[in-house]
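Hello,

Here is the model you asked for, with its sequence. My notes on the core and the aromatic residues follow below.

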Amino acid sequence: MERTEQIRRFIEEYFLVEFGADVTPETDLFKAGVIDSFGYVQLMAFLERKFSLKLTGEEILLNVLVSLDAIDAFVARRVAGQNGGAPCVG
């Protein structure tokens, strides 16, 4: 299973949402009420476990990942060994 699909599946199963017409990969998951701050911490923990990432608290706060697209792009950069210093907003 590819990276994007793994992230998508986690979000759908953990947050009980289905990507489709109302929630798309570009949807701000916070504004849509899908994720709250506790859920965000759970999502970051999943990303660390699943993709063997080591995220710092500062990095998590500076890179607030709000959409599936932004989350996937961030993980892709990290897996590729890039730090991506600019905040991710999406």
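The largest nonpolar core holds 24 residues, and those touching the most other members are Ile 7, Ile 11, Leu 43, Met 44, Leu 47, Ile 71 and Val 75. A nonpolar core here is a set of buried Ala, Val, Leu, Ile, Met, Phe, Trp, Tyr and Cys residues joined through side-chain atoms within 4.5 Å; buried means under 20% relative accessible area, exposed over 50%, partly exposed in between (1.4 Å probe, protein chains only). Two or more residues each come from helix H1 (3–15), helix H2 (37–51) and helix H4 (68–79), and H2 gives the largest share, six residues. Helices are DSSP runs (H or I, at least four residues), numbered from the N terminus.

This is a predicted model: local features need pLDDT of at least 70, side-chain atom pairs count only at pLDDT 80 or more, and totals for chains, interfaces and linings use all residues. Residues are numbered from 1 along each chain as its sequence is written, and side-chain values use heavy atoms, with hydrogens and water left out.

On the aromatic side, there are six pairs, counted when ring centres of Phe, Tyr or Trp (its six-membered ring) lie within 6.5 Å; planes under 30 degrees apart are stacked, over 60 edge-to-face, the rest tilted. Phe 10 and Phe 46 are stacked, at 4.1 Å centre to centre and 5 degrees between the planes. This pair links helix H1 to helix H2, 36 residues apart. Phe 46 also pairs with Phe 51, and because the centres are 6.3 Å apart with planes at 85 degrees, that pair is edge-to-face. Phe 10, Tyr 14, Phe 15, Phe 46 and Phe 51 form one aromatic cluster.

Regards
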